[in-house]
Amino acid sequence: MKMTTRFSTLLLCCLLLTVCESGASPVVGIMGQHVTLTCTYDVVKHGPLSACWSRGYLPLLGCGNQIISTNGSSVRANSRRYKLLGRLEAGNISLTILDAKKEDAGEYGCRVMINGIFNDKKYHIKLIIKDAPQTTTLKTDMSTDRVAAGSTAAQRTSSHGSVPMSMVVMGVLFGFILFVTIAVVIGVISKRRRRLTKIHQQQPSVPSVRFSSLSSALHLQHQAAVVENIYQMAGDEYDYLP
């Protein structure tokens with residue numbers, strides 16, 4: 001009887017010592033977002049291993065309520081929302097839950113099946129799902145800001161609608177000054193154009209006078225030459241008389 005009791009106690013101690021069980025801090029996820037539960041093993045030491053995930057605590061053997069498993073290279077899942085997105089060849093068998101929901105909260109177990117009796121590695125992780133941040137306050141603040149901006153714009157419009165008398169007087173005075181300035185500029189330009197036109201008209205008269213004088217001088221010189229020829233011819237005739 002004592003031998004049986006000692007054997008049972010020894011066997012229980014062996015079970016407790018050889019089956020490694022680890023607990024991790026709770027993981028917090030947000031509704032509608034992806035959440036990842038970490039689970040890894042030393043692939044260099046053990047090589048590619050089979051592993052599985054379950055909902056709830058892991059039993060003594062197997063994965064119980066299994067949701068996804070791998071043989072080290074391929075993956076089998078009960079739902080498309082469960083993925084092993086880590087590098088299996090590197091020993092990363094972390095579970096990713098897509099589009100987390102409120103009902104995803106609870107306990108999860110990861111079991112790495114290491115060769116040998118009761119050598120499996122077990123991880124238990126608690127998942128907490130929180131509601132997505134509310135944007136009502138932000139929308140309310142934005143609406144309030146829009147209302148305030150609208151009222152300010154209305155006040156500015158109403159204040160601009162009634163133009164003070166001083167602004168009217170200044171506008172009239174500015175228009176008068178502008179009119180006088182334009183009139184003066186136009187007068188100066190017109191006067192300058194008239195002066196340039198007069199100068200332009202006077203310039204051609206000088207060459208005509210010079211040409212007339214030159215033609216008169218040539219005419220007189222021609223007449224003198226003719227008279228001189230006449231006298232010369234007359235003298236020649238007297239020279240030939242007997």
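The briefing below starts with the chain as a whole and then turns to its parts.

This is a predicted model, in which local features need pLDDT of at least 70 and side-chain atom pairs count only at pLDDT 80 or more, while totals for chains, interfaces and linings use all residues. Residues are numbered from 1 along each chain as its sequence is written, and side-chain values use heavy atoms, with hydrogens and water left out. The protein chain has five helices and 10 strands; helices (H or I, at least four residues) and strands (E, at least two) are DSSP runs numbered from the N terminus.

**Whole chain**

- Of the 242 residues in the protein chain, 19% are buried, where buried means under 20% relative accessible area, exposed over 50%, and partly exposed in between (1.4 Å probe, protein chains only).
- The protein chain exposes about 18400 Å², with carbon and sulfur atoms supplying 63% of it; accessible areas come from the Shrake-Rupley method with a 1.4 Å probe, and for residues only the protein chains shown count as cover.
- Among contacts (heavy atoms within 4.5 Å) between residues at least 6 apart in sequence, 59% join residues at least 24 apart.

- Three strands form an open sheet in the order 3-8-7, with antiparallel pairing; two strands pair if DSSP finds at least two bridges between them.
- Strand 3 (35–37) and strand 7 (82–83) are the edge strands of this sheet, each pairing on one side only.
- Three bridges connect strand 3 and strand 8 (residues 95–97) in the antiparallel sense, and Leu37 has Leu95 in strand 8 as its bridge partner.
- Strand 2 and strand 10 run parallel and are joined by four bridges, with Val27 opposite Leu127 in strand 10.
- In a regular strand the side chains alternate between the two faces of the sheet.

**Disulfides**

- The structure holds two disulfides, a disulfide being a pair of cysteine sulfur atoms within 2.5 Å.
- Cys39 is joined to Cys110 with an S to S distance of 2.0 Å, and the link is left-handed, with -70° about the S-S bond.
- This pair links distant parts of the chain, 71 residues apart: Cys39 lies in the loop between strand 3 and helix 2 (43–46), and Cys110 in strand 9.
- Cys39 counts as buried because its relative accessibility is 1%, and Cys110 counts as buried because its relative accessibility is 0%.
- Cys52 is joined to Cys63 with an S to S distance of 1.5 Å, and the link is right-handed, with 75° about the S-S bond.
- Cys52 is in strand 4 and Cys63 in the loop between strand 4 and strand 5, 11 residues apart; Cys52 and Cys63 are buried.
- With bonded cysteines counted along the chain, the disulfides follow the pattern 1-4, 2-3.

**Two loop residues**

- Asp120 sits in the loop between strand 9 (106–113) and strand 10 (121–130) and is buried, with a relative accessible area of 15%.
- The Asp120 side chain makes a polar contact with the side chain of Arg111 at 3.0 Å; a polar contact is a pair of N or O atoms within 3.5 Å, and within protein one must be able to donate a hydrogen and the other to accept it, while residues adjacent in sequence count only if both atoms are side-chain atoms.
- The Asp120 side chain also reaches the backbone nitrogen of Ile114 at 3.2 Å.
- Gly56 is in the loop between strand 4 (50–55) and strand 5 (66–70) and is partly exposed, with a relative accessible area of 21%.
- Gly56 and Glu107 are 51 residues apart in sequence and 4.7 Å apart in space, C-alpha to C-alpha.
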